[in-house]
Amino acid sequence: MQILKPIPIGIEDFKEIIDIGYYFVDKTLLIKDLIDNRAKVSLITRPRRFGKTLNMSMIQRFFENTKESNAYLFENLKISKEGEQYLKYQGKYPVITLSLKSLKQENFDYALYQFEQVITSEFARHSHILKSNKLSPNNRKKFEEIYTGNVSDKTMFYTSLKLLSECLNEVTQEKVVVLIDEYDVPLENAYFCGFYDKMVNFIRSLFESVLKTNSSLEFAVLTGCLRISKESIFTGLNNMRVYPITESVLSQYYGFTQEEVEKIVKEYDLTERISEMKQWYDGYIFGENEIYNPWSIIQYIASAKSNNKISCKPYWINTSSNSIIHQLISQSDEKTKKKIEELISGGSIKAVINENTVYSDIDVNNEDIWSFLLFTGYLKQINSEIVNDNTVSELVIPNVEIRSVYKNVIVRWFEESVRNNGTSEIFDAMLSEDTEKMEDEISKWLRKSISYHDTKENFYHGFLAGLLTGRDGYEVKSNRENGNGRSDITVCEYSQRKVAVIFEVKPADSFKQLEEKCEQALKQIEEEKYAQQFIDDCYKKVISYGIAFSGKSCKVKIGKTLYYK
């Protein structure tokens, strides 16, 4: 019986994956392409959890000159078959590797302190160079200050990467490879926490010193989710090659290709599930390559390898980039909401795509939302054209998994926005039996919210329940058993039992049908005796409403009001 390799869920260290024998999708030809491209600085942007960190670990293990050789890690992998012209670089360079994903603090001082911990740890990793007499006295002094934490001038951290590269170059006589993972995380966090300008100045100084005028640099690779504008942090950095998701070069190394997924499912005897997996997790287009979400694939394989009857479900929620999208959607106008409704319904939209992000412009230009959704993995580009010097792209939701995120996350943000802006007038109109006022207010909030075509009744039901939730002293329940069936929504004053309100919700195909649907709803309440339970529970007054929705319009009719005797 064949023993299946374990699935590396959450394992981002290439050495650990190879040493322990986890299943590994071979992306080592990325190393070959980096060597062939000869870019001094490479910036690779991909959505979260698409393999950036693991690939950075792989690059480090290949190029880094360590006491014990890492060559065995690459035996039988694709790069090992490419010949001496590539293998001569193996284990040749000192490597500085840094991840900025932990820089998510509430103010700049805390963020700088966290960076100090990260950079001190990297200095400690290279502390063996202090034993060398090749290190100049001045650099030795600065190195020891950072390594020991006795820094007299905090601005030293602004140029700390350059210092470390110079020290390594002095001792080894080899230029240095610099790897910076998730470079944009501290910038996004700083934008939301109100210290963006300070963080921009820090990151600009850090990057310019090590990437721009650094004679000790062999090459550098940066990864992130978004491409931050050159004017923001890459000023004057003319030696940088950018590989966005729209670029074909390197596109096959992040996420899984069709061939790679077919190989995985065959390995774990899940070939019969590939059609479902394709609907759920495929659909991304990087350059000219069709790509599966790797995080979701390995999560599903890990669940299904012992039970191949398990259905696909959503695994990927891009939590690291949700905040920016949440804000953009919360600020969106009627035009934006209509486009999102069209996307969720399976349609496409056209939008101008800007590959250079400047966070300070986000509040000004609401169209930025489509660029953010594309580059963070919530949309895919199926066509593009140049119109008046702008790239205009046709965009769709990539797959079932992301469509579920729109339904369950983005729609919920709209509902929260509605509730947070106050809906007391609807509640008061309900209690005073003012149906005209209820219609006006509910329609107003409908125009501010979002719906989609395939689940009309569920949407309207949840939307109305959300509007009515939150009043002190009242309890809102959905699908409660009353009489002979289940009423859609009930609102009960649970302490004094003065009033209970019953809603039956009906979708209508047109505005003309609203009246008829309201009558049907009221008839259902009466025939199914939904009110009787509340009378039996000694509620002094039970109000019944039939409410019908069509698009962004609604009609409210009141039925018989019952009183406890």
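**Aromatic clusters, strands and a helix in a predicted model**

Ring pairs join F14, F24, F62, F63, F74, Y93 and F219 into one cluster. Here rings of Phe, Tyr and Trp (its six-membered ring) pair if their centres lie within 6.5 Å; planes under 30 degrees apart count as stacked, over 60 as edge-to-face and the rest as tilted. The model is predicted, with local features needing pLDDT of at least 70 and side-chain atom pairs counting only at pLDDT 80 or more, while totals for chains, interfaces and linings use all residues. Residues are numbered from 1 along each chain as its sequence is written, and side-chain values use heavy atoms, with hydrogens and water left out.

F62 counts as buried, at 0% relative accessibility, where buried means under 20% relative accessible area, exposed over 50%, and partly exposed in between (1.4 Å probe, protein chains only). Which residues does F62 contact, leaving aside its neighbours within four places in sequence? They are I31, F74, I79, Y86, L87, Y89, Q90 and G91, a contact being heavy atoms within 4.5 Å. F62 and F14 are 48 residues apart in sequence, and their C-alpha atoms are 9.9 Å apart in space.

The structure holds 31 aromatic pairs. In one of them, the rings of F50 and F286 have centres 5.6 Å apart and planes at 55 degrees, so the pair is tilted. Because F50 lies in the loop between β1 (41-45) and α3 (52-63) and F286 in strand β6 (residues 284-286), this pair ties together parts that are 236 residues apart in sequence. F50 and F286 are both buried. A further pair, F534 and Y539, has ring centres 5.7 Å apart and planes at 80 degrees, and is therefore edge-to-face. F534 is buried, with a relative accessible area of 0%, and Y539 counts as buried at 6% relative accessibility.

Charged groups also meet rings. The charged end of R46 sits over the ring of F286, 5.1 Å from its centre; the criterion is that NZ of Lys or CZ of Arg is within 6 Å of the ring centre and within 35 degrees of the ring normal. R49 lies over the face of W295, at 4.6 Å from the ring centre.

The strands come next. Strand β10 (residues 390-396) runs antiparallel to strand β8 (residues 349-353), and five bridges join them; two strands pair if DSSP finds at least two bridges between them. Within this pairing, K350 stands opposite E394 in β10. Strand β9 (residues 380-387) is also antiparallel to β10, through seven bridges, and E385 stands opposite V392 in β10. β9 and β10 form a hairpin with two residues between them, and N388 in the turn has a positive phi of about 50 degrees.

In helix α18 (residues 424-431), the buried residues are I426, F427, A429 and M430. They cover an arc of only 165 degrees around the axis, which puts them on the same side of α18; the arc is that of the directions from the helix axis to the C-beta atoms. Just after α18, E433 takes a positive phi of about 65 degrees.

For the protein chain as a whole, the secondary structure comes to 22 helices and 16 strands. Of its 565 residues, 52% count as buried.

Key:
Helix = DSSP H or I, 4+ residues; strand = E, 2+ residues; numbered from the N terminus.
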